[in-house]
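Please open the structure in the viewer and keep the sequence at hand.

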Amino acid sequence: MLGDQGEIQYVFPALASSAAGTGHFLIVVTDASIAVLATRTLKSDRPVSVFAEYPRHTRLGPILPGPIIELGSVAFEFDEEYAAVVSAADAEAFAPETLPPDPLPDL
């Protein structure tokens with residue numbers, strides 16, 4: 001579904017709500033892009049289409065209360081446990097010197 005967008009770095013589930021309804025998504029961060037994949041309502045771990053795609057230099061944060069991030073004109077809500085994933089993805093792209101060394105580099 002992602003084509004040749006490089007290696008997947010981060011993935012986390014998100015929910016978007018609007019006047020048109022609610023949708024389940026997977027936010028996938030690769031070497032080259034950030035893709036928003038639409039999923040089935042009852043099987044939110046299975047993507048069915050690419051909803052939106054952004055260049056990798058797009059920031060996911062800041063994380064708004066909820067927690068929520070905004071990509072384009074859509075607000076995506078996600079579980080608090082994925083806040084570290086969002087922060088790490090942004091740090092990797094915009095401040096790699098702040099990341100700790102990989103504890104298991106051979107995996």
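In which strand is Val 74 found? Val 74 belongs to strand 6, which covers residues 74-77. Helices (H or I, at least four residues) and strands (E, at least two) are DSSP runs, numbered from the N terminus.

Before the next selection, a note on the model is in order. The model is predicted, and local features need pLDDT of at least 70, side-chain atom pairs count only at pLDDT 80 or more, and totals for chains, interfaces and linings use all residues. Residues are numbered from 1 along each chain as its sequence is written, and side-chain values use heavy atoms, with hydrogens and water left out.

**Remain at Val 74.** Val 74 counts as partly exposed because its relative accessibility is 22%; buried means under 20% relative accessible area, exposed over 50%, and partly exposed in between (1.4 Å probe, protein chains only). Not counting residues up to four places away in sequence, Val 74 touches Ala 16, Phe 51 and Ile 69, where contact means heavy atoms within 4.5 Å. Please also select Phe 94: its C-alpha atom is separated from that of Val 74 by 22 Å, and the two residues are 20 apart along the chain.

**Select Ile 69.** Neighbours within four places in sequence aside, Ile 69 is in contact with Phe 12, Leu 60, Pro 62, Ile 63, Val 74, Ala 75, Phe 76, Phe 78 and Val 86.

**Select the largest nonpolar core.** A nonpolar core is a set of buried Ala, Val, Leu, Ile, Met, Phe, Trp, Tyr and Cys residues joined through side-chain atoms within 4.5 Å. The largest one has 20 residues, of which Ile 27, Val 36, Leu 60, Ile 69, Leu 71 and Phe 76 touch the most other members. At least two residues of this core come from each of strand 1 (8-18), strand 2 (21-30), strand 3 (33-39), strand 4 (47-55), strand 5 (68-71) and helix 1 (83-94). Strand 1 gives the most, with 4 residues. Apart from this core lies another, of 5 residues, including Leu 2, Val 28, Ala 35 and Leu 37. In soluble globular proteins, nonpolar side chains tend to be buried together.

**Select the loop between strand 4 and strand 5.** Both Pro 62 and Pro 67 lie in this loop. The peptide bond from Gly 61 to Pro 62 is cis, with omega near 10°. Another cis peptide bond joins Gly 66 and Pro 67, with omega about -20°. Most peptide bonds are trans.

**Select Gln 5.** Gln 5 is placed in the segment before strand 1. Residues up to four places away in sequence not counted, Gln 5 touches Thr 30, Asp 31, Ala 32, Ser 33 and Glu 53. Leu 42, 37 residues from Gln 5 in sequence, is 27 Å away in space, C-alpha to C-alpha.

**Finally, select the whole chain.** The chain has 1 helix and 6 strands, in the order β-β-β-β-β-β-α along the sequence. Along its principal axes the C-alpha trace spans about 45 × 30 × 25 Å. Of the 107 residues, 34% count as buried. Among contacts with a separation of 6 or more, 38% are between residues 24 or more positions apart.
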